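Subject: Structure handover

Hello,

Here is the structure you will be working with. Please open it first, then read the notes below.

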Amino acid sequence: MAEDGLRKRGRAVGAKEKAEGKKAPTLDQGKGTAVAASASLSKGTTLLVAVLFSVFAVFVYQDPSLVLDPINDFFGFEENAGILPPSTTFVADIAKRDAVINAFKHAWLAYERDAMGDDEYHPISQKGTNLTAAGGIGYTVIDSIDTMLLMGLQDEYARARKWVETKMSFDRDANFNTFETTIRVLGGLLSAYHFTKDELYLEKAKELADRIMPAFETPSGLPTSNVNLGQRKGVPAQDNKGLVSTAEVSTLQLEFRYLSYLTDNDAYWDAAENVMRVIKGASLTTGLASIFMNPTDGRFVLSPIRLGSRGDSYYEYLLKQYLQTNLTEPVYQDMYNGAIDGVHAHLIRKSELAKLTYTSELIPEKDRSGQISWRLVPKQDHLVCFFGGSLMLGAVTSGAQSLPVSVPPRPSQLTSTGKRDWQTGVDLIETCMRTHDTATGLSPEIAHFRIPSDKVVGSSIPQDWYIKGAKPGAPAPYDARYILRPETVESLFIAYRLTGDEKYRQYGWNIFKAIETHCKIETGGYASIINVDAVPVEHEDKMETFLMSETLKYLYLLFEDNSVLPLSEYVFNTEAHPFPIINPSRHAAF
Ligand code: DMJ
């Protein structure tokens with residue numbers, strides 16, 4: 001199914017092209033006519049032919065697939081010939097896949113033993129805590145269920161389901177983050193329902209969404225940052241003057257749209273789509289998005305522009321909304337294309353020494369006269385590492401000349417922006433892998449890249465990038481930590497599915513081994529580390545829920561047979577909860 005879906009359809013196109021190739025006799029006749037005509041060619045015509053031939057030669061030099069593709073198709077060569085032998089491509093690496101399953105069990109069983117039902121887990125103190133004093137909402141349990149189902153952990157799943165049925169409650173009189181609750185809990189419930197068709201999950205999803213919906217009741221319709229689930233009331237964030245994060249308001253759409261699709265209740269879809277309408281209306285000419293918006297007037301507020309925190313999944317969900325409804329809503333494709341053009345024009349840079357591709361941030365600065373200028377800061381969050389895989393996925397869908405493309409795509413199958421995005425995606429993944437060149441083999445929360453004006457000397461990592469504030473013997477800065485984040489392995493999974501290139505599995509295995517070596521707690525669970533560049537490591541007593549929902553799921557899928565969750569049939573929410581691609585009767589009305 002998975003890549004098979006992509007690949008089978010790829011072969012179908014090849015077959016069609018081959019069928020057209022069978023019109024060879026007609027071509028031969030044409031060639032005979034041309035030969036006869038050539039006898040009477042004038043010198044001028046000969047010159048014209050020579051010029052045309054030269055132009056053609058230049059095009060072929062730039063893109064050899066112009067000639068190679070028709071030859072491959074005519075002779076029936078496999079579309080991915082030369083990448084990997086088709087018979088061995090994409091089969092599971094069972095030993096590595098099962099090692100990831102064992103890691104999941106090591107995490108889950110410790111959580112279940114010490115903290116079952118609590119929102120968060122602290123593996124060193126072997127305790128759980130809740131997000132609020134009003135009690136838990138199933139943050140960790142729900143975030144983990146679809147991974148258990150995928151991994152075939154029936155016993156663990158049965159116990160988790162029992163807890164959901166008998167203990168989980170959203171009737172909590174406290175403020176919860178609207179975005180986090182949606183992506184982790186609503187997203188997890190919807191995936192669990194998709195895989196099991198167990199009404200329990202759909203009922204819980206509806207109840208939770210109904211409690212979140214009042215957050216959208218602002219003058220603009222941009223939801224408040226928090227929501228009191230017990231009182232069913234939107235609550236503006238205390239910090240940030242009641243402003244909302246762009247990524248947070250624009251990363252609820254896959255979940256609310258899918259819930260409408262399942263329930264035939266348009267209210268969820270309407271609320272989520274209205275946010276996109278407001279954002280489109282507020283859009284900056286660059287296609288980029290500042291990280292804060294005003295929920296009263298629905299406008300962007302002067303604030304940094306970046307692909308890291310508060311910006312990241314805005315770009316992710318533009319593409320994924322387009323994919324979710326089977327490429328039938330061009331408004332999201334247009335918004336995505338505009339945003340990615342803006343990213344290339346303003347944020348993508350090359351490092352000084354090794355010419356690594358990285359993303360920088362734009363920080364607005366006002367001078368005394370109120371004049372605004374934008375300072376480019378060469379700072380890339382680990383969060384940005386989702387973007388390499390996302391660009392590659394965008395290239396083979398939004399950036400395809402026609403669908404489906406081969407695995408990997410041929411240059412001739414991509415538009416010029418598709419080719420650009422594919423290359424940037426490939427390069428960004430390499431850069432993210434270079435940020436794993438640390439003492440632990442894990443990458444820091446934030447990497448800075450050297451620029452000519454940089455005065456940094458003597459970093460412990462004498463490369464194109466460094467951890468700001470890291471000094472031998474001094475306490476590690478916040479930037480130096482690894483908190484079990486998934487973004488790099490997420491991109492590796494997508495890159496492997498779209499290329500079949502074994503190097504992505506090797507990269508993923510290296511990261512997995514580093515997690516096992518440095519983050520695993522012998523008594524159970526995994527913990528964040530406070531400095532990726534110091535061994536032996538010092539742990540922070542926290543196991544983020546996205547270890548089980550994302551990091552281990554993407555690693556599992558990287559080593560699993562590609563018939564599991566084909567990218568041609570599924571779209572992953574930003575917390576790695578898979579939703580099926582749907583064909584709804586409605587489409588964006590703006
Ligand atoms: C996850 O909760 C989601 O992937 C979110 O979009 C960004 N951050 C974390 C994981 O790093």
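Helices (H or I, at least four residues) and strands (E, at least two) are DSSP runs, numbered from the N terminus. This is a predicted model, where local features need pLDDT of at least 70, side-chain atom pairs count only at pLDDT 80 or more, and totals for chains, interfaces and linings use all residues. Residues are numbered from 1 along each chain as its sequence is written, and side-chain values use heavy atoms, with hydrogens and water left out.

**Loops**

Start with L565. It lies in the loop between α19 (546-559) and β17 (570-572). L565 is buried, at 4% relative accessible area. Buried means under 20%, exposed means over 50%, and partly exposed is in between (1.4 Å probe, protein chains only).

N240 also has a phi near 55°, again positive in a residue other than glycine. Look for N240 in the loop between β5 and β6 (244-245). N240 is partly exposed, because its relative accessible area is 27%.

G287 sits in the loop between α12 (266-282) and β7 (292-293). G287 counts as buried, because its relative accessibility is 17%. Leaving out residues up to four places away in sequence, G287 touches G338 and A339. Contact here means heavy atoms within 4.5 Å. D334 is 47 residues from G287 in sequence, yet their C-alpha atoms are 9.8 Å apart.

Now go to the loop between α15 (386-395) and α16 (416-434), where P404 is found. A cis peptide bond joins L403 to P404, with omega about -5°. P408 is in the loop between α15 and α16 as well. The bond from V407 to P408 is cis, with omega near -5°.

**A three-stranded sheet**

What is the order of the strands in the open sheet of three? The order is β3-β4-β5, and the pairing is antiparallel. The edge strands are β3 (175-177) and β5 (233-235), each pairing on one side only. Neighbouring strands of this sheet are turned by 35° against each other on average, direction ignored. Helix α8 (residues 178-196) packs on the sheet and touches β3 and β4. The direction of α8 makes about 65° with that of β3. Axes are lines fitted to C-alpha atoms, for helices over the stretch in contact, and angles run from 0 to 180 degrees between N-to-C directions.

Three bridges link β3 and β4 (residues 226-228) in the antiparallel sense. Two strands pair if DSSP finds at least two bridges between them. N177 stands opposite N226 in β4.

**A hairpin**

Strands β10 (residues 361-366) and β11 run antiparallel, joined by six bridges. E365 has S373 in β11 as its bridge partner. The hairpin has five residues between the strands, and G370 takes a positive phi near 90°. W374 lies in β11 (residues 372-377). W374 is partly exposed, at 38% relative accessible area.

**One more strand**

H539 belongs to strand β16 (residues 539-540). H539 is partly exposed, since its relative accessible area is 28%. Beyond residues up to four places away in sequence, H539 touches several others, including I124, H518 and I530. Y482 is 57 residues from H539 in sequence, and 9.7 Å away from C-alpha to C-alpha.

Best wishes
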